[in-house]
Amino acid sequence: MADGIDIPAWIALFIGFYSASAAIGELRHPGGWVGMVAHFERDLGLRFLTGIVCLGLGAAIYLVSPWRPGDWLAVLVTVIGGGMVVEGALILAFGDNFLAFARRLMGAANRLWAGLSLLLGAALIVVALLRL
């Protein structure tokens with residue numbers, strides 16, 4: 001089991017793996033993210049489940065990550081967890097509007113977003129491995 005001091009690093013490692021993997025998937029198959037958002041817009045059940053999962057995972061991350069103002073990684077991980085809770089709540093409450101906003105935000109810049117996601121994932125992985 002992870003030591004309490006290592007929890008933010010472990011969470012950052014797994015978020016980094018998620019971010020990098022999703023980016024690689026989008027770069028290998030461009031347009032996948034836009035297609036996924038369009039599918040979420042049409043399928044209310046999938047949208048509901050996505051909102052619940054996002055809210056639940058965000059709450060778990062927020063609750064297990066210790067709040068240590070002197071530790072920037074712990075603060076970042078806690079903020080990411082809180083952001084996931086807000087995102088999940090928005091998907092549940094205003095899914096149609098939220099997903100339309102997400103689709104417009106992505107627009108034609110999918111490769112840019114995928115590249116940023118890959119950089120963020122790689123940075124989180126490196127930071128986490130340096131801390132573990």
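A residue is called buried when its relative accessible area is under 20%, exposed when this area is over 50%, and partly exposed in between, with a 1.4 Å probe and protein chains only.

The structure is a predicted model, in which local features need pLDDT of at least 70 and side-chain atom pairs count only at pLDDT 80 or more, whereas totals for chains, interfaces and linings use all residues. Residues are numbered from 1 along each chain as its sequence is written, and side-chain values use heavy atoms, with hydrogens and water left out.

The description that follows rests on helices, which are DSSP runs of H or I with at least four residues, numbered from the N terminus. Helix H3 spans residues 44-64 and helix H4 residues 72-106; the two pack at an angle of about 165 degrees, with their axes 7 Å apart. Axes here are lines fitted to C-alpha atoms over the stretch in contact, and angles run from 0 to 180 degrees between N-to-C directions. H3 is therefore roughly antiparallel to H4, a term for angles over 145 degrees. The crossing of H3 and H4 is left-handed, in the sense that the near helix is turned anticlockwise from the far one by less than a right angle. The residues of this contact comprise 15 nonpolar, eight polar and three charged. In this classification Ala, Val, Leu, Ile, Met, Phe, Trp, Tyr, Cys and Pro count as nonpolar, Asp, Glu, Lys and Arg as charged, and the others, Gly among them, as polar.

The loop between H3 and H4 holds Arg 68, which counts as partly exposed at 22% relative accessibility. Between the C-alpha atoms of Arg 68 and Trp 10 the distance is 16 Å, for a sequence separation of 58 residues.

Helix H2, residues 32-42, also packs on H4 at an angle of about 165 degrees, with the axes 10 Å apart. H2 is therefore roughly antiparallel to H4, and the crossing of H2 and H4 is left-handed. H2 contributes Trp 33, Val 34, Val 37, Phe 40 and Glu 41 to the contact, and H4 contributes Asp 96, Leu 99, Ala 100, Arg 103 and Met 106; contact means heavy atoms within 4.5 Å. By class, seven of the residues in the contact of H2 with H4 are nonpolar, none is polar and three are charged.

H4 packs with H5 at an angle of about 160 degrees, and their axes are 14 Å apart. H4 and H5 are therefore roughly antiparallel to each other, and H4 passes H5 in a left-handed crossing. On the H4 side the contact involves Trp 72, Leu 73, Leu 76, Leu 105 and Met 106, and on the H5 side Asn 110, Trp 113, Leu 124, Val 127 and Arg 131. Eight of the residues in the contact of H4 with H5 are nonpolar, one is polar and one is charged.

In soluble globular proteins, nonpolar side chains tend to be buried together. A nonpolar core is a set of buried Ala, Val, Leu, Ile, Met, Phe, Trp, Tyr and Cys residues joined through side-chain atoms within 4.5 Å. The largest such core in this model has 14 residues, and Ile 11, Ala 12, Ile 15, Ile 61, Leu 73 and Val 77 have the most contacts inside it. Helix H1 (7-28), H3, H4 and helix H5 (110-131) are the elements that give two or more residues to this core, and H1 gives the most, with six. Ala 12 touches Leu 73, Val 77, Leu 124 and Ala 128, residues up to four places away in sequence not being counted. Another core lies apart, with six residues, among them Trp 33, Val 37, Leu 99 and Met 106.

Gly 16 lies in helix H1 and is buried, with a relative accessible area of 0%. Beyond residues up to four places away in sequence, Gly 16 touches Gly 121, Leu 124 and Ile 125. Ser 117, found in helix H5, counts as buried at 14% relative accessibility. With the same exclusion of residues up to four places away in sequence, Ser 117 touches Ser 19, Ala 20, Ala 23 and Trp 33.

Notes: Parallel < 35°, antiparallel > 145°, perpendicular 65-115°, else oblique.
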